[in-house]
Amino acid sequence: MTSTGQDSTTTRQRRSRHNPHSPPHDSSVTSKRGVKKGALLHSSPSLAELKKKGRMKKLSQAAEQDLVVGLKELDVNLEAKTLSGTGLVFDEQLNEFHCLWDDSFPEGPERLHAIKEQLIQEGLLDRCVSFQARFAEKEELMLVHSLEYIDLMETTQYMNEGELRILADTYDSVYLHPNSYTCACLASGSVLRLVDAVLGNEIRNGMAIIRPPGHHAQHSLMDGYCMFNHVAVAARYAQKKHAIQRVLIVDWDVHHGHGTQFTFDQDPSVLYFSIHRYEQGRFWPHLKASNWSTIGFGRGQGYTMNVPWNQVGMRDADYIAAFLYLLLPVALEFQPQLVLVAAGFDALQGDPKGEMAATPAGFAQLTHLLMGLAGGKLILSLEGGYNLRSLAKGVSASLHTLLGDPCPTLESPGAPCPSAQASLSCALEALEPFWEVLVRSAETLEEDFLEEENVEKEEEGPWQPPALPIPMWPVLQARTGLVYDQRMMGHYNLWDNHHPEMPQRVFRIMRRLEELGLAGRCLTLPARPATDAELLTCHSAEYVGRLRATAKMKTRELHREGSSFDSIYICPDTFACAQLATGAACRLVEAVLAGEVLNGTAVVRPPGHHAERDAACGFCFFNSVAVAARHAQAVSGHALRILIVDWDVHHGNGTQHIFEQDPSVLYISLHRYDHGTFFPMGDEGASSQIGRATGTGFTVNVAWNGPRVGDADYLAAWHRLVLPIAYEGGYNLTSISESMAACTRSLLGDPPPLLTLSRPPLSGALASITETIQVHRRYWRSLRAMKVEDKEGPSSSKSIPKKLTQPANRGSAVGMTAPDGNILDADAGKATSASSMEVATPDQAKSETAVVELSQDQTSEAPPGEATADQTPSEAATGGATLDQTIVESATVGATPGQTTSEEAVGGAAVIQTPPALCTDNQTPPASPAQGATAQIAPSKLTENLRTLDLNSEAQEAPESQMAEEEGLLGEAARGQDRDDSVLIQSFGDHANADQVMFYAVTPLPWCPHLVAVRPIPESGLDVTQPCQDCGTLQENWVCLSCYQVHCGRYVSAHMLQHHEVSGHPLVLSYVDLSTWCYNCEAYVHHQALLDVKNIAHQNKFGENMPHSH
């Protein structure tokens, strides 16, 4: 804010260089003022002065034209229709199914009962626009699911309990009821009804309170309580019926929504973001595809975003950090036209499955952050949540936010924990090559920062709230207050009618607010002058008295007094106007603290943020915001924590100085700095200015070093710096009117206008943000989501690569290559041991890694059908390997025979032994994808098996043509489990000469579609000493679980493999280690259906029941 007023010519020329875009005088609005008695008569302007004014006017006109063009895209015009209303679908029919054979099954009707009671108690049902649920048509479900699968699910309506249970047991963690299909169709249709209402402009947003959940359901596979994938169907429906081009799906359920991810992982029109419990794959669904390293395939690379939590007890601050650092920046670049949320509430404190520590208030904040996207077109679809009280509170909190209620205050600390920072950093690193907004300047931490963080980690420990915090929702008669008084136009420049700080600034703002109908929606609050006591909280008595004296000065004296300050003009009404402006801000503070309004706008002048304790500066006399902050503390009776955000293009030097030693006020300024050459000039606005004494760290300056800093840059600063810390006046008459209107709309609860980012953040702007972050990392833990090695994994060999290599394209109809083709954990080239696991359900999977030590001269039991020495590495990945096989870094799947050996494989060389394979020595089966690929069995065949249990048919594989048509029928049949997990890693390295080596047990599939082939155990039982029926050997024999014939394994004569090829029987049990192998899935399997036969074999072998058999 530089003066073009009565300063000397030299001073005017110097300052005009730093303020070249001063707006022109608007003759249509500016009232003509006569020269008051005693006023200084103007002399004729010189030619130089006229030229100067002409240049300034021309420059400012061009600048204003640029702003007007940009503002035309903002939806703040008079005709704009403000959508209101929150849609709600809640249908009692959705409670008409339950588990027939297990009353304790966690997914039951009581979930919706608890939600309904809570919504009635809080009066939310009556505030929503109610919509009747409808059934999804088959054609709509087929947008995501196969017709054959839908038809199979439809037949469940006519099955008896026994048949339903048999079919349910072929899937993982599901139950079936005669009404399951009807309710699943109704649940999907409920979301589609809201899609129609939101995109048809009937309502602003909505929530579908439905069951069963859907986000685990895949193309042709029930999974994890889910039959149809509601949000996936809704996304495709929105694209097909409403021509929506870009959809954002946010999944905050504590379990990874792998079904949704697999649906869209090659599609750049759908951005999928999931934040979920992972624990290095130990938590259900136990998929490497759930880790941060999975980012999509082909054209969909970068459009899958996973934030995996590797420990329990994650809090609101961790979830909010993931939104601020990753989701919101990418979403703003993606520009979705619709936002769908897979809204599970099993991450809330008290949920028995999630074991997290988020609060209902935290989910209210997450919902609020999403409401700023897609013009507010937001739909929440209920997924999980199994603590009834937490679930009900979480749903009500999100619904309050959708209705426009203010978010309750968070009770938890505001910085993410180190584990969350590590997960987030890895996700940022993986996605950085695909999103311009994520590109960061090089960030390094000094050693003392690292040491300080280590100390904090030791001191912190996990945070656990004593009980679920209950959010308080204020009941307000009015939402937004508005303070304005036309008397503030009495302050004007007696010597320069073209001065940028003119009376018409506030007049034009108010006129625009009235034109848009916004003023009428606000509660008008009367302005009042600030009292001396209020002014003295920030200004000296001497200065207040000096300014008061100007009211009685003559024109010449006013000129002299104004010249004694920097960029100041004074008229007889200046003191009264400044006093009124400051009092108006105080009045608004009183209204907010007293609960009259939630928020407010003070349309005041003269401005205030440059005003110092003892001096006027840069058009400012009293520091209105500073005085209002002190007044708020006085009204509240204690040192209320206050955040002041100053986004004026000039640094608020006065505000900074007033609070620089006060930790109760956090001052954040985003301003143009130009290395100290932009007004107010000097180093006060530098990022290195951080406060003093006890206020150190509470002054935050984001200093822009150049012009043309735009939306992308400010948003980057908002997400990376301002909001993370917070969770712990323009002079162009056209632009300021529209900008204040936009801000007022937001305060009133209207969705923000759609924002088109024409470019990513400027490199210079990113450098400024990074510089400020580096300075303040020492003081704010929330700024430490830095680039780090992923230290969460079981082992680590190297840091994350700067850029990801391009993953191979998906291959055959059966399988596709995982990102970077890693057979082991994809975490930056690290090899990790698989975890042994029994029956996996969403709430189980806490099994620890089983480690078996074998001496060097011992041989491990080899499954039937082992690969031979001349296999390629690709073959070995799926069909076995011998000691002389080439080992590729991270055991790369799908490697070519010429692929080189990596010297960075963990532990040096490794022996990779795989289960019995169908391929011959020179066969190379297709590589499996990250989510797994198996030989598939058609749903129709499953139905046939359920009816007849006839095992005399041929092999139960689906034809290749059918598999090619449906990429993975009963998709990812083994819960998406990679065949790659069925390997044994023998690590030598430092133990090369030791007597013992380490073998890591595999993670078996928790389910496979061929379990229906298991026949009842013969009455004669099992004899584990029985020889091979073909060759009579007693070594390494297996029993077929369909016909119970006994044959030897691959390392003997491979008679069991021959038996499988002739009979088609898929499942066999080892008499050596009692493991079960499925030939069709090419994987070990462990499931409830196998426990009986395993226990009989165990009794026969050891004379006692199998331990932990359930």
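## The Arg546–Glu561 pair

Arg546 and Glu561 make a salt bridge, with their closest N and O atoms 2.5 Å apart. (A salt bridge here is a side-chain nitrogen of Lys or Arg within 4 Å of a carboxyl oxygen of Asp or Glu.) Arg546 sits in helix α18 (residues 541-548) and Glu561 in helix α19 (residues 555-563), so the pair links parts 15 residues apart in sequence. Helices (H or I, at least four residues) and strands (E, at least two) are DSSP runs, numbered from the N terminus.

How covered are the two partners? Arg546 is partly exposed at 36% relative accessibility, while Glu561 is buried at 14%. Buried means under 20% relative accessible area, exposed over 50%, and partly exposed in between (1.4 Å probe, protein chains only).

## Where this comes from

This is a predicted model: local features need pLDDT of at least 70, side-chain atom pairs count only at pLDDT 80 or more, and totals for chains, interfaces and linings use all residues. Residues are numbered from 1 along each chain as its sequence is written, and side-chain values use heavy atoms, with hydrogens and water left out.

## Other salt bridges

The count comes to 24 salt bridges. One of them joins Arg528 and Glu590, at 2.8 Å between the closest N and O atoms. Arg528 is in the loop between β10 (523-525) and α17 (532-535), and Glu590 is in helix α20 (residues 574-593), so this pair ties together parts 62 residues apart in sequence. Glu590 is partly exposed, at 24%.

Arg277 and Glu279 also pair up, at 2.7 Å from N to O. Arg277 is buried at 3% relative accessibility, and Glu279 is buried at 15%.

## The whole chain

Zooming out, the chain has 30 helices and 23 strands. Of its 1110 residues, 61% are buried.
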